[in-house]
Amino acid sequence: MISSLREAALNYQGKLECGNWDCDCVFKRGRDCCCGANDLYQLEDNTFRRMMNLWDNLSQLKSRVKEVTGNLKIAFKTCLNITLPRSALTCFGPFNTDVPIPFDSVSLNDGMGYNPSLGAFTAPCAGVYAFSYTIYSSVGADGRLYHKVQLLLNNNVIASVWEDNREDGEDSASQLVVLQLNKGDQVYLALTTGRKLCGHLASNSFTGYMLYPLNNAQ
């Protein structure tokens with residue numbers, strides 16, 4: 001039966017309705033023939049062209065990013081790793097005045113804008129910057145979480161996180177702000193009067209980076 005159908009197909013002289021397939025290959029050659037080769041070759045060519053277009057687009061995007069940023073790299077990342085006297089509970093604070101937090105463990109400082117001695121970032125150039133910080137404190141089951149940390153721009157409070165309760169033995173909070181800075185502006189974090197940060201102090205972090213420069217700003 002199958003042999004008869006094959007023979008009839010091979011001897012057929014009319015028009016073959018094969019669509020996009022290679023009819024000659026399908027009906028007149030052996031099974032090992034790759035009858036879809038032309039389609040596969042076309043798919044390969046289309047894929048290659050798309051990859052090349054993607055590469056060109058990425059190259060253009062890279063050039064445009066450099067144009068926008070002026071090829072400047074300004075970013076910092078730091079955490080709190082100060083050495084404190086040994087005690088039952090390691091705490092930074094309390095103090096009788098607002099104290100800048102000296103984030104001293106610096107893992108990134110492109111542009112050298114961050115000063116670990118001051119705990120402050122000084123803008124190397126005018127631009128729009130993003131800053132984020134995470135504040136963590138742990139006082140144990142019977143302690144009192146009592147802290148307030150403010151982000152300041154040239155001594156002006158921009159944002160803050162705080163905690164005052166006895167229900168949680170530990171807690172953390174984060175903030176993200178975007179600021180337009182002039183060259184020389186300073187941004188830093190300060191622990192307010194009478195408050196304290198305790199426990200694993202290295203969980204406190206402060207980061208920032210430039211989104212884009214402002215060429216006309218001073």
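What percentage of the 218 residues in the protein chain is made up of buried residues? Buried residues make up 33% of them, where buried means under 20% relative accessible area with a 1.4 Å probe, counting protein chains only.

Before we look around, a word on the model. It is a predicted one, in which local features need pLDDT of at least 70, side-chain atom pairs count only at pLDDT 80 or more, and totals for chains, interfaces and linings use all residues. Residues are numbered from 1 along each chain as its sequence is written, and side-chain values use heavy atoms, leaving out hydrogens and water.

**The whole chain**

The protein chain has three helices and 13 strands; these are DSSP runs numbered from the N terminus, with helices (H or I) of at least four residues and strands (E) of at least two. Of the contacts (heavy atoms within 4.5 Å) between residues at least 6 apart in sequence, 73% join residues at least 24 apart.

**Aromatic rings**

A pair of aromatic rings is described by the distance of the centres and the angle of the planes. Rings of Phe, Tyr and Trp (its six-membered ring) pair if their centres lie within 6.5 Å; planes under 30 degrees apart are stacked, over 60 edge-to-face, and the rest tilted. By this rule there are eleven aromatic pairs. Here are two of them:

| Pair | Centre to centre | Angle between planes | Type |
|---|---|---|---|
| Phe-76 and Tyr-114 | 5.1 Å | 10 degrees | stacked |
| Phe-121 and Phe-131 | 5.6 Å | 65 degrees | edge-to-face |

Phe-76 lies in strand 1 (residues 75-79) and Tyr-114 in strand 5 (residues 114-115), so their pair ties together parts that are 38 residues apart in sequence. Phe-76 is buried, at 2% relative accessible area, and Tyr-114 is buried too, at 3%.

Asn-165 is found in strand 9 (residues 156-165). Is Asn-165 buried or exposed? At 16% relative accessibility, Asn-165 counts as buried.

Technical notes. Buried < 20%, exposed > 50% of the residue type's maximum accessible area, 1.4 Å probe, protein only.
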